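Take a walk through this model, one site at a time. Keep the coordinates open as you read.

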Amino acid sequence: MISDAEVKLSFDVDVQGLKIVRGDATVDVTLECQRCWENYSHRCEIEFIYCPVVNDDQADDLPDAYEPAIVDENGEINLIQLVEDELIVALPQVAMHKEEDCKVNSENMVYGEIPLADERPNPFAVLKNFKQSNEE
Ligand SMILES: [Zn+2]
């Protein structure tokens, strides 16, 4: 399930004469928690400043704060595509509840017992076995 994205855009010319598109976007998506496998809703919010450019050289010259938006053969940029791509990138790489909201809490996350220091096998024990088997 996915809500309509709420997008705000404002168009401007900066002090250097660069045309910019500044804005933000919010969308509610349903993600599947990778820890407990339940769906949960996640609000994805992004902010951006795009600057239309004709090629990569122009893109390289942009101030760091601006993201290049390559124009197509008609000199246009596809704003919907840009915002959509940006939202997809902003989604969490591993979808997971916040720990306090998740059914699987961290106490259940321990896999097996962690041995105490003095219960750990002696790293030289294997050498002892090796020596014995050679003597046989
Ligand atoms: Zn969860």
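The four donor atoms around the zinc ion subtend angles of 104 to 116°. Four donors count as tetrahedral if all angles lie between 85 and 135 degrees, so this arrangement is tetrahedral. For reference, the ideal angle for four tetrahedral donors is 109.5 degrees. Note that the model is predicted.

Which protein atoms are the donors of the zinc ion? They are SG of Cys-33, SG of Cys-36, ND1 of His-97 and SG of Cys-102. These atoms lie 1.9 to 2.4 Å from the ion. Along the chain, the donors of the zinc ion follow the spacing C-x2-C-x60-H-x4-C. Cys-33 and His-97 link distant parts of the chain, 64 residues apart. Cys-33 sits in the loop between strand 2 (19–32) and strand 3 (39–53). His-97 sits in the loop between helix 2 (79–90) and helix 3 (125–135).

Now look at burial. Cys-33 and His-97 are both buried. For Cys-33 the relative accessibility is 0%. Buried means under 20%, so Cys-33 qualifies. Cys-44, at 2% relative accessibility, also counts as buried. What about disulfides? A search of the whole structure finds zero of them.

Turn next to the surface. Val-7, Leu-9 and Phe-11 make a nonpolar patch there of about 270 Å². Val-7 belongs to strand 1, which covers residues 6–13. Is Val-7 buried, exposed or partly exposed? Its relative accessibility is 37%. That value falls between the 20% and 50% cut-offs, so Val-7 counts as partly exposed.

Methods
Residues are numbered from 1 along each chain as its sequence is written. This is a predicted model: local features need pLDDT of at least 70, side-chain atom pairs count only at pLDDT 80 or more; totals for chains, interfaces and linings use all residues. Side-chain values use heavy atoms; hydrogens and water are left out. Patches are made of residues with over 30% relative accessible area and no salt bridge: like charges are joined within 9 Å, nonpolar side chains (Val, Leu, Ile, Met, Phe, Trp, Tyr) within 5 Å. Accessible areas come from the Shrake-Rupley method with a 1.4 Å probe; for residues, only the protein chains shown count as cover. A salt bridge is a side-chain nitrogen of Lys or Arg within 4 Å of a carboxyl oxygen of Asp or Glu. Helices (H or I, at least four residues) and strands (E, at least two) are DSSP runs, numbered from the N terminus. Buried means under 20% relative accessible area, exposed over 50%, partly exposed in between (1.4 Å probe, protein chains only). Donors are N, O and S atoms within 2.8 Å of the metal (3.2 Å for Na, K and Ca); water is not among the atoms, so sites may look incomplete. Four donors count as tetrahedral if all angles lie between 85 and 135 degrees; four count as square planar and six as octahedral if opposite donors are over 155 degrees apart and all others between 65 and 115; anything else is irregular. A disulfide is a pair of cysteine sulfur atoms within 2.5 Å.
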